[in-house]
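User: I've got this model open and I'd like to go through the holes, the sheet and the helix packing. Can you talk me through it?

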Amino acid sequence: MTLHAPRQVRHRTTTVRGHEVYYREAGPADAPVLLLLHGFPSSSHMFRDLIPLLADSHRVIAPDHIGFGRSAAPADFRYTFDELAAVTGEFTEQLGLKEFALYIQDYGSPIGLRLALAHPDRVTAIVTQNGNAYEEGLGEQAWAPVRALIAERTPRTEAAVREISSPEGIRWQYLHGVPPERQEFVSPDAYEHDTALMARPGRPEIQLDLISDYGSNFALYPAFQEYFRTRQVPLLAVWGAGDEIFVPAGALAFRRDLPGAEVHLLPTGHFALETHAGQIAALIEDFLGRVRTR
């Protein structure tokens, strides 16, 4: 009996604007590129199960954003989504990525979509996993403290948002919306990993800066939607239906501007890869395979 060994993941760093950017990479150098952009409060660690499943047919690359994971967190960096997107763009150029499909989740959505606006010819397809671009995708209760911070940054509004980065807040993001019988598939290593990294000096302040800047993403929603309408980029939405941060209406909204968008609502929460990595990988393989033959 011959066992199929998954491709090994390489752990690499490069320097962008003088800052070290850590990234995971797997797959043949000449394969189609899939760029994985993580969300809050995670890092490329969230793709640890997905990368080996896709690496036979893709060159899979997953960076940690500046201020996250194993990438640098310089004190003098301006922590805005514009800046994170600019660093990501320069990162792709350093790696010589001429075109790529995007996988966007949470923070990765406004970062990746800014990249698509700046370089539409480079983006061959988009996979969005609880990566929002529509007002109707914003869960009312989950976004109330964020909207308050955006409106006015005070010690009171900061305190409410700090709870999101607390150990309890991070654990909630991983487990909420996951059916009780599926919660045993969510590894505690995932939320404990994020909790430990978020507890490092300076990280809570970085998140306050980014969350207070989230209004800049709302302002770009019309531009993102215009990009969808004009480019008709192939899009696959694989969405945790139990997510109360980015609710299922946000997944269905893509069809308004992209009638051909493929939408799959999965019985899980915000971090759908924790419970459905295999199913999501199969959907991506099928989708990107069809995109390449068009």
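User: How much space lies in the second largest cavity?
Analyst: About 50 Å³. A cavity here is a set of points on a 1 Å grid over the protein atoms alone where a 1.4 Å probe fits but cannot get out. Grid points are joined across faces, edges and corners, and the volume is the space filled by probe spheres set on the points.

User: Before we go on, what kind of model is this?
Analyst: This is a predicted model: local features need pLDDT of at least 70 and side-chain atom pairs count only at pLDDT 80 or more, while totals for chains, interfaces and linings use all residues. Residues are numbered from 1 along each chain as its sequence is written, and side-chain values use heavy atoms, with hydrogens and water left out.

User: OK, back to that cavity. Which residues line it?
Analyst: The second largest cavity is lined by Pro41, Ser42, Ser43, Gly67, Phe68, Gly69, His193, Asp194, Leu197, Met198, Arg200 and Arg203; a lining residue has an atom within 4 Å of a point. Helix H7 gives the most, with 4 residues. Helices (H or I, at least four residues) and strands (E, at least two) are DSSP runs, numbered from the N terminus.

User: And how does that lining divide by class?
Analyst: Into 4 nonpolar, 5 polar and 3 charged residues. Ala, Val, Leu, Ile, Met, Phe, Trp, Tyr, Cys and Pro count as nonpolar, Asp, Glu, Lys and Arg as charged, and the others, Gly among them, as polar.

User: Pro41 is on that list. Is the peptide bond from Phe40 to Pro41 cis or trans?
Analyst: Cis, with omega near 0°. Pro41 sits in the loop between E3 and helix H1 (50-54). For context, most peptide bonds are trans.

User: Which residue other than glycine has a positive phi?
Analyst: Arg17 does, with phi near 55°. You'll find Arg17 in the loop between E1 and strand E2 (19-26).

User: How many cavities of 30 Å³ or more are there?
Analyst: The structure holds 2 of them. The largest has a volume of about 60 Å³, and its lining is made of Val21, Pro63, Asp64, His65, Ile66, Leu84, Val87, Thr88 and Phe91. Helix H2 (residues 81-94) provides the largest share of that lining, 4 residues. By class the lining has 6 nonpolar, 2 polar and 1 charged residues.

User: What about pockets, how much volume does the largest one have?
Analyst: About 440 Å³. A pocket is an open set of points with protein on both sides within 12 Å along at least five of seven lines. It has 19 lining residues, and the closest to its centre are Ala142, Ile164, Trp172, Gln173 and Ile245. H4 (140-151) and H6 each supply at least two residues of the lining, with H4 giving the most, 5 residues. The lining has 13 nonpolar, 3 polar and 3 charged residues.

User: How do H4 and H5 cross?
Analyst: At roughly 150°, and their axes come within 9 Å. Axes are lines fitted to C-alpha atoms, for helices over the stretch in contact, and angles run from 0 to 180 degrees between N-to-C directions. Pro145, Val146, Ala148 and Leu149 of H4 meet Thr157, Glu158, Ala160 and Val161 of H5, where contact means heavy atoms within 4.5 Å.

User: And H6 with H7?
Analyst: H6 (residues 167-175) and H7 (residues 188-198) pack at about 145°, with their axes 9 Å apart. The contact is made by Pro167, Ile170, Arg171, Tyr174 and Leu175 of H6 and Ala190, Tyr191, Asp194, Thr195 and Met198 of H7. Asp194 and Met198 also turn up in the lining of the second largest cavity.

User: Now the sheet. What order do the strands have?
Analyst: It's an open sheet of 8 strands, E1-E2-E4-E3-E5-E6-E7-E8, with mixed pairing; two strands pair if DSSP finds at least two bridges between them. E1 (10-16) and E8 (262-266) stand at the edges with a single partner strand each, so one side of each has no neighbour in the sheet. On average, neighbouring strands are turned by 20° against each other, direction ignored.

User: Which helix packs on the sheet, touching E6?
Analyst: H3 (residues 108-118), which also touches E3 (33-37) and E5 (100-104). The direction of H3 makes about 155° with that of E5.
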